[in-house]
Amino acid sequence: MSIRAKIASAVAFAPLLCFLSPLPFFFVTASVSSTGSTEAVAECVMELNSRRVLYEKKGDVRLPMASTTKIATAATVLRLGKGMEEEVSIPSQAVGIEGSSVYLKAGDVYTVEDLLYGLMLRSGNDCATALALHCSSSVAAFSAEMNETAQAAGALHTSFQNPHGLPANGHYTTARDLSLITCYALQNPTFKQIVSTKFYQPRGWKNKNRMLSEYDGAIGVKTGYTKEAGRCLVSAAEREGMTLVCSVLNCPTTYERSTQLLDDAFEAYSYEKILDKEQRFFVETGKEKIACKTGKDFYYPLLKEEKGLIEIKTVAKKTKKKEKIVGQVEIYLAKRLLFSGNLYKL
């Protein structure tokens with residue numbers, strides 16, 4: 001059964017933080033019924049720019065996430081501003097880490113770029129540890145930085161205890177949080193380039209993520225598996241200007257299920273331009289009508305049935321003659337606020 005068929009006519013909305021906020025997000029939850037064992041324990045499909053949840057099941061349930069942890073690891077390395085050409089002498093603590101590995105040896109020298117590709121393409125637990133120790137004084141200190149990354153992404157129900165995702169007490173996320181972290185990470189061009197790479201020539205590393213070759217528009221992101229977490233996958237794909245992120249946790253058929261969820265979401269939603277940055281508005285301040293614009297475009301994923309439910313309103317502001325901001329424009333969907341942005345005098 002498709003996502004469109006499962007979405008109830010009465011959809012619950014929550015207001016978006018002001019559109020000028022660096023990390024706006026809100027949730028629209030689709031109703032769900034089980035279709036069998038192919039589903040994940042928890043699932044979430046999210047549009048990247050608006051952070052709108054297009055579909056979820058048990059999206060806020062805390063679960064282990066195996067190597068999808070490494071999305072936050074890479075995002076944290078990039079957030080801390082480590083140069084891609086920085087050289088890393090592999091410490092002995094990063095050698096022989098259990099699980100997936102690129103078989104680093106103590107004393108070998110790799111660049112941060114090499115290790116990031118080894119982390120995301122080959123899921124190297126040794127790469128994760130080497131990067132953590134290069135960026136911080138200890139794995140614990142780096143894990144604290146990862147939790148800062150989660151907070152910056154708006155992922156408030158996540159806790160990282162290590163950079164690789166091996167089982168640990170207090171190491172968990174949710175399908176919704178994992179999608180938020182991935183949206184945050186994908187806004188970094190370097191991260192996006194790494195996870196969309198099928199083959200890293202300098203080290204001869206092939207990407208393990210089959211979605212890149214099997215799904216139209218796929219741009220990443222990360223596979224994961226441990227006995228405790230089950231099979232996990234975060235996928236991202238771009239079609240017709242819309243980027244979707246799909247997270248499935250503890251799913252026996254990660255690729256098949258992710259394909260179904262993404263296909264249904266792309267079919268159900270279209271990415272609509274609701275506001276043009278050059279669109280003119282007029283606000284009345286006293287006896288004067290002032291021409292103004294937002295200076296920013298606003299796009300939003302909508303169901304076909306929602307397109308007629310959009311309302312645009314303007315609110316004037318008391319201003320002095322030299323002030324540029326003369327009011328605000330507000331966009332509502334089904335009477336709920338989606339967008340609030342400044343209007344600038346022309």
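So, the lining of the largest pocket: by class, that's 5 nonpolar, 11 polar and 5 charged residues. The classes here are Ala, Val, Leu, Ile, Met, Phe, Trp, Tyr, Cys and Pro as nonpolar, Asp, Glu, Lys and Arg as charged, and the others, Gly among them, as polar. Keep in mind that this is a predicted model, where local features need pLDDT of at least 70 and side-chain atom pairs count only at pLDDT 80 or more, while totals for chains, interfaces and linings use all residues. Numbering runs from 1 along each chain as its sequence is written, and side-chain values use heavy atoms, with hydrogens and water left out.

The space in that pocket comes to about 300 Å³. There are 21 lining residues, and the closest to the centre are Ser-67, Thr-223, Gly-224, Tyr-225 and Thr-226. For the definition, we use a 1 Å grid over the protein atoms alone and a 1.4 Å probe; a pocket is an open set of points with protein on both sides within 12 Å along at least five of seven lines, and lining residues have an atom within 4 Å of a point. Points are joined across faces, edges and corners, and the volume is the space filled by probe spheres set on them.

Which elements supply the lining? At least two residues each come from β7 (218-226), β8 (230-239) and α9 (254-268). β7 gives the most, with 5 residues. Those labels are DSSP runs numbered from the N terminus: helices are H or I, at least four residues, and strands are E, at least two.

Okay, β7 and β8 again, now in their sheet. It's an open one of 5 strands, order β2-β1-β9-β8-β7, with antiparallel pairing; two strands pair if DSSP finds at least two bridges between them. β2 (53-57) and β7 are the edges, each pairing on one side only. On average, neighbouring strands are turned by 5 degrees against each other, direction ignored. Between β7 and β8 there are 8 bridges, and Gly-220 has Ala-236 in β8 as its bridge partner. Helix α6 (residues 175-186) packs on this sheet, touching β1 (42-47), β2, β7, β8 and β9 (242-249), and its direction makes about 35 degrees with that of β1. Contact means heavy atoms within 4.5 Å; axes are lines fitted to C-alpha atoms, for helices over the stretch in contact, with angles from 0 to 180 degrees between N-to-C directions.

The other open sheet also has 5 strands, ordered β11-β12-β16-β15-β14 and paired antiparallel. Here the edge strands are β11 (281-285) and β14 (310-316). β14 pairs with β15 (residues 325-333) over 7 bridges, and Thr-314 stands opposite Val-329 in β15.

On to helices. α2 (residues 70-79) and α5 (residues 139-152) pack at about 90 degrees, axes 9 Å apart. They are therefore roughly perpendicular, the label for 65 to 115 degrees. From α2, residues including Ala-72, Val-77 and Arg-79 meet α5 residues including Phe-142, Met-146 and Glu-148. By class, that contact has 5 nonpolar, 3 polar and 3 charged residues.

Last one: Met-84, in the loop between α2 and β3 (87-89). Met-84 and Thr-190 sit 106 residues apart in sequence, but 9.4 Å apart in space, C-alpha to C-alpha. Beyond four places in sequence, Met-84 touches Leu-78, Thr-111, Val-112, Glu-113, Leu-116, Thr-190 and Ile-194.

Terms used
Angles under 35 degrees count as roughly parallel, over 145 as roughly antiparallel, 65 to 115 as roughly perpendicular and the rest as oblique.
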